[in-house]
Amino acid sequence: MLRNAAFLATVAACHGLIRTEEVGEGYPAYEEKFFDQYLDHFRFGGRGGEPNPTWKQRYLVNSDEWTGKGALKNGCKGPILFYSGNEGPIEAFWSSAGFVVNDLPKKWGALVIFGEHRYYGKSMPFGAASMDKDNVMYLTTEQALADYAELLTHLKKELNAENCPVISFGGSYGATLTTFFRVKYPHIVAGGLAASTPLGYYDPEAWPSQGVTPYTWIDIVNKDYEDAGCLNQVIAARQAVQRVASTPQGRAQIQTAWKLCKAPESVDAAVFLFTDLIETFPQMDYPYQIGATPAWPVNATCTAITQGGSSDDQYIATIGKILPWYYTPVNGCIADQ
């Protein structure tokens, strides 16, 4: 306990400790911290020649198993497991990465760090104005990788862990980041585990040899719902959203039924709120609950959508019950996505 207290005090003094988070059963809690990150890693100054500004990058850390039991011959007290955060709030990945936060730290006596991708979650360089046209120019993979390199370099120095190897982990786009991280910064990352990386999609000329088409991914999604017995109902629900959202009155109805902070501005905006979760659930179809997402979310969605009725109003009401499984309400409503 004294070791952990000293560790947390050191990092908190440098980066601003916010709070300890309780997570799902079987998962260790994490400490939420913030690091003063450079806005632009590739210029000496900011826009217009002013000094390069900084912003608060969020990261999560757990040192429960970093006790020295995984000490290496070079004097390192244990390896560092780093999750290269992808497109979403970083805490969402903690409870879906038990291999990284629970299994490996116990085996290797490792320190666990999850870095949040810039422009996601609480890592917003310009606050509420981060997605404005003039500000979004800093949302690039290159900048995100440089963020991670800067964060790890600083933490290793602060924690007297400069000789400790870093192993990076990621899934999907996060796996792409892990791959590029290892290639771009081999002096920082000793190895990486890239799960389900879509690297092959970046080379369309090689698609035929791999049996890949532009529709391969969505075909797999559709098959998931077909196997679960509700693909036709999912299609019907999407069509219902299109019809209802085609009028201002319908979009107001959707706002109420879905508990949105404001009505969708268009048919496409309403449809996206539904199809985004429909397309994402097969990627997180775990047999256990994660946050508000139930176990086997594809099956849970099928149960709700087949039992909720088939009129337009009934489909809208059912989707309203499903949305909080995916979108996190803020102050009682779901904000723009």
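1. A crossing of two helices is left-handed if the near helix is turned anticlockwise from the far one by less than a right angle, and right-handed if clockwise. By this convention, H4 passes H5 in a right-handed crossing. The model is predicted: local features need pLDDT of at least 70 and side-chain atom pairs count only at pLDDT 80 or more, whereas totals for chains, interfaces and linings use all residues. Residues are numbered from 1 along each chain as its sequence is written, and side-chain values use heavy atoms, with hydrogens and water left out.

2. Overall content. The protein has 12 helices and 7 strands; helices (H or I, at least four residues) and strands (E, at least two) are DSSP runs numbered from the N terminus. Of its 337 residues, 44% are buried, where buried means under 20% relative accessible area, exposed over 50%, and partly exposed in between (1.4 Å probe, protein chains only). Among contacts between residues at least 6 apart in sequence, 64% join residues at least 24 apart, contact meaning heavy atoms within 4.5 Å.

3. Helices H4 and H5. Two packed helices are described by the angle between their axes and the distance between the axes. Helix H4 (residues 141–158) and helix H5 (residues 173–184) pack at about 65 degrees with axes 10 Å apart; axes are lines fitted to C-alpha atoms, for helices over the stretch in contact, and angles run from 0 to 180 degrees between N-to-C directions. H4 and H5 are therefore roughly perpendicular to each other, given that angles under 35 degrees count as roughly parallel, over 145 as roughly antiparallel, 65 to 115 as roughly perpendicular and the rest as oblique. From H4, Thr141, Leu145, Tyr148, Ala149 and Leu152 meet Tyr173, Leu177, Phe180 and Phe181 of H5. The residues of this contact comprise 8 nonpolar, 1 polar and no charged; Ala, Val, Leu, Ile, Met, Phe, Trp, Tyr, Cys and Pro count as nonpolar, Asp, Glu, Lys and Arg as charged, and the others, Gly among them, as polar.

4. Helices H8 and H10. The axes of H8 and H10 cross at roughly 160 degrees and come within 9 Å. These two helices are therefore roughly antiparallel to each other, and H8 passes H10 in a right-handed crossing. On the H8 side, Val234, Ala237, Arg238, Val241 and Gln242 take part, meeting Val267, Ala270, Val271, Phe274, Thr275 and Ile278 in H10. By class, the contact of H8 with H10 holds 8 nonpolar, 2 polar and 1 charged.

5. Helix H11 and its flanks. In helix H11 (residues 297–307), the buried residues include Pro297, Val298, Ala300, Thr301, Cys302 and Ile305. The buried residues of H11 pack against helix H7 (216–228), helix H8 (231–244), helix H10 (267–280) and helix H12 (312–322). Trp296, in the loop between H10 and H11, has a positive phi of about 45 degrees although it is not a glycine; its relative accessibility of 42% makes Trp296 partly exposed. After H11 comes Gly309, with a positive phi near 100 degrees.

6. Helix H3 and Trp108. Gly98, Val100, Val101, Asn102, Leu104 and Pro105 are buried in H3, and their cover includes S4, helix H2 (91–94), strand S5 (111–115) and strand S6 (166–171). Trp108 also lies in helix H3 (residues 98–108) and, at 34% relative accessibility, counts as partly exposed. Neighbours within four places in sequence aside, Trp108 is in contact with Gly70, Pro79 and Leu81. Trp108 and Glu65, 43 residues apart in sequence, are 8.2 Å apart from C-alpha to C-alpha. Just after H3, Gly109 takes a positive phi of about 60 degrees.

7. Loop residues. Ser196, in the loop between strand S7 (191–195) and helix H6 (207–210), has phi near 55 degrees, a positive value in a residue other than glycine. Ser196 is exposed, with a relative accessible area of 67%. Gly75 lies in the loop between strand S3 (54–62) and strand S4 (80–84) and is exposed at a relative accessible area of 58%.
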